[in-house]
Amino acid sequence: MPVSALREGFSYMGTRVSLGSFYSGIFRPKEMVGPAALALVTAAPKVNRPAPYEDEFDEETGRFTYRFRDPQNDSLAAARAAEADNRALLAAHELAVPLIYFRGIAPGQYAVVAPVFVMSVDQEKRLVEMEAGLPVADMTPAGLVSEEELRRYATREAVFRLHQHRFRTAVMRAYATRCAVCSLREAALLQAAHIVEDANPRGGATVINGIALCAIHHLAYDRNLMGIDPSGVVHIARRLLDESDGPMLSNGLQGFHGAPILQPRRADERPDPVRLESRFSDFTAAA
């Protein structure tokens, strides 16, 4: 969701309630009666710079981790503001109340994970561990009632969606929001295609394992009807080259046989030749 939409907040009993400034990591609106926070924010990492927070997903525990807020400067007011925010985070754990987690995936864009619950607090490391709850079962006055295995599954699904959001954003930026094969610029028809699938050890949601493709070329790529060799040249399956089936086939697929794909300007964002070669071997085997 764009931050412009999130900054509108929401209406409750005729009153507009803010979701935060999206600069501060822990937010409790003044309209709330209880001491717990309402929302947490992890800002999006900037291009070629590390993430501004160390909030991540712990593979060992299967939970999100979220760090306490540190004062923004050495003033007493900043220390008090940070302390108040951290108290609100700890209160969410003590009361077992749901939170909204806004995870930055690109400048001005946030993925929303809700509800999340603080499951444990590590005072020494100054962080909490969180799990995704179930949107219906865990949002009643009875509180957190779902089974642990269901929450772990929901958390991993949320992590997967976050990775895919970031992957698409990074790939679309690298390819200037255009199909690498046909140059189509309609964002609604563009997809971030994996060169090597996630399940493969060399897969993963990294920009060098992705190519921006329109829906038809993505489907053709996934079905091994179109291949891209390590040098970035498009190949169309022989059986399609031999067919005659109207302008979509001739112009949309056959016409690109032997053409080079459009590549990102940045060398470190271009498709990995090793991954391309691995995937191209699947295409040639299927052909």
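Phe10 has a relative accessibility of 35% and therefore counts as partly exposed, a class that lies between buried (under 20% relative accessible area) and exposed (over 50%), with a 1.4 Å probe and protein chains only. The model is a predicted one, in which local features need pLDDT of at least 70 and side-chain atom pairs count only at pLDDT 80 or more, whereas totals for chains, interfaces and linings use all residues. Residues are numbered from 1 along each chain as its sequence is written, and side-chain values use heavy atoms, with hydrogens and water left out.

Phe10 lies in strand β1, which covers residues 10-12; strands (E, at least two residues) and helices (H or I, at least four) are DSSP runs numbered from the N terminus. Together with Tyr12 and Met13, Phe10 makes a nonpolar surface patch of about 380 Å².

The backbone was also examined. Most residues other than glycine have a negative phi, and most peptide bonds are trans. In strand β8 (residues 109-122), which contains Pro115, a cis peptide bond with an omega of about -5° joins Ala114 and Pro115.

Arg126, which is found in the loop between β8 and β9 (127-132), has a positive phi near 60° although the residue is not a glycine, and with a relative accessibility of 33% Arg126 counts as partly exposed. Ala176, located in the loop between α3 (148-174) and β10 (190-194), likewise is a residue other than glycine with a positive phi, here about 55°. Because the relative accessible area of Ala176 is 40%, this residue is partly exposed.

Conventions. Patches are made of residues with over 30% relative accessible area and no salt bridge: like charges are joined within 9 Å, nonpolar side chains (Val, Leu, Ile, Met, Phe, Trp, Tyr) within 5 Å. Accessible areas come from the Shrake-Rupley method with a 1.4 Å probe; for residues, only the protein chains shown count as cover. A salt bridge is a side-chain nitrogen of Lys or Arg within 4 Å of a carboxyl oxygen of Asp or Glu.
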